[in-house]
Each structure stands twice: as structure tokens, then as C-alpha cells.
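Please read the points with the model open.

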Amino acid sequence: MHDQLDSTTPAAKSLRDSRQPTVHPMLAELARCYPLMFQGPHTGLDMACGWYPVFAQLCADIDARLGQLQSDFHWRQLKEKYGQPRWYASLKDADGQASDVTGLVRPGSLLAPEQEREALRDCLRDLVQAAEACCETRCMACGSSASLQRLKGWYTTCCAGHLDMLQREPDAFWRLVQQNPL
Ligand SMILES: [Zn+2]
């Protein structure tokens, strides 16, 4: 990785630069199915259409695992960085305090006071990480088998056909990545 380069995609960059955290229209249907997951405070919820089916299944799996605790979980950031998904969520502790399921937190602080809550947090983290890992070999544009590519300082995960498109017609490629697959 080249830390001196800004390898966030142009689409993600425009989202980041906007004044208010945005929610991609692609996520509207999931927000209807699982409203509580999308109602908490967040810093932007973005999605690549090739990764959408994996994310939709992840939401279904999390919803099933949460059971009666649906109001305790929400997405706090969904983004792409260095061509890979970065999906961050919060789960309330037993005392109602929200803390991170995934992301920039030391493992010790992930532990909730109750054993059951701790097991739930571990399970949710495993689900999120497995889904992210699944997307690391899926094209951002079409979801087919892909690998991480670096092109002019930008990292993307895309198949051979969409790598060609990215080289020839980058604007069209990013429009495709951002389109609603539904
Ligand atoms: Zn593709």
C-alpha cells in the first residue's frame, strides 16, 4: 500500500467531501427491510453494486442473529478503501452504550459486560468480516470473480472485463459501480 497516495475512489471521495454523510440510494430497499440498521448515527453509507448481494445477505444474517435486539445494532460507516469493502457497525452494550463491532477499536474494548452480549458481538464481527473477505475477490461492478488491481494510484477490485472498461472509460465504470442493481 502507498500511504502517500489517496487511493479512495473518485466516487467515495465525492461522498467524503460532501457536507452531510450520505446514504446511497442502492441501500433504500435494505433500509426498508431492516430500518433499525440504517437509522443510527453514521458517517456515510456507500455501496458498490457488485458487492450489494453479499451485503444484502449479510444484513439478513445479522437480522436473524439479532433476534429481539434489532434496535441495538446499526451501520455507522460503509465505504470502499483501497479497492476493498470497509463496513463498520455498532452494537449497544447491555447498559445501552453503543460501541464498535468492527473497526478501529482495540479488542479489549469490544467486550461487553454480559457473556451473551459478548458472544453476539463476536458472532456479528465474524459475519461482517466473512462478508468483507468474500467481496475481496468479487468485482465491484458485476460481482464476478476478481482480484485487486492498481491503476494510476487507484485501487479497485474488478474482473478482467471491467478492468478494461476502467482503463478505457473510467467515468462509465464508476457510474456502473454506483448504479442500483435492483
Ligand atoms: Zn466485472
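**Notes on the predicted model**

1. In this predicted model, helices H3 and H4 meet through two sets of residues: Val54, Phe55, Leu58, Asp61, Ile62 and Arg65 in H3, and Cys123, Leu124, Leu127, Val128, Ala131, Cys134 and Cys135 in H4.

2. The axes of H3 and H4 cross at roughly 170° and come within 10 Å. An angle over 145 degrees counts as roughly antiparallel, so that is how H3 and H4 run relative to each other.

3. Helix H4 covers residues 115-135, and its 21 residues should span 30 Å at 1.5 Å a residue; the C-alpha atoms at its ends are 31 Å apart, which agrees.

4. Buried in H4 are Leu120, Arg121, Leu124, Leu127, Val128, Ala131 and Cys135. These residues lie on the same side of H4, because the arc they cover around the axis is only 125°. In an α-helix, residues three or four places apart point the same way, since there are 3.6 residues a turn.

5. Helix H3 (52-66) and strand S2 (84-92) are included in what covers the buried residues of H4. On the face turned away from that buried side, H4 carries the exposed residues Gln115, Ala119, Asp126, Ala130 and Ala133.

6. The pLDDT averages 84 over the chain, and 81% of the residues score at least 70. Confidence is highest in H3, with a mean of 96, and lowest in helix H1 (residues 10-17), with a mean of 54. The pLDDT is below 50 over residues 1-7, a stretch with 6 contacts in the model beyond near neighbours in sequence. Residues 103-112 also have a pLDDT below 50, with 12 such contacts. Where pLDDT is low, the predicted coordinates should not be read in detail.

Technical notes:
Residues numbered from 1 in each chain as written. Predicted model: local features only at pLDDT ≥ 70, side-chain atom pairs only at ≥ 80, totals over all residues. Helix = DSSP H or I, 4+ residues; strand = E, 2+ residues; numbered from the N terminus. Expected span 1.5 Å × (residues − 1). Buried ≥ 20, exposed ≤ 12 C-beta atoms within 10 Å, placed from the backbone. Arc of directions from axis to C-beta. Contact = placed C-beta atoms within 7 Å. pLDDT = per-residue confidence, 0-100. Axes fitted to C-alpha atoms, helices over the stretch in contact; angles between N-to-C directions. Parallel < 35°, antiparallel > 145°, perpendicular 65-115°, else oblique.
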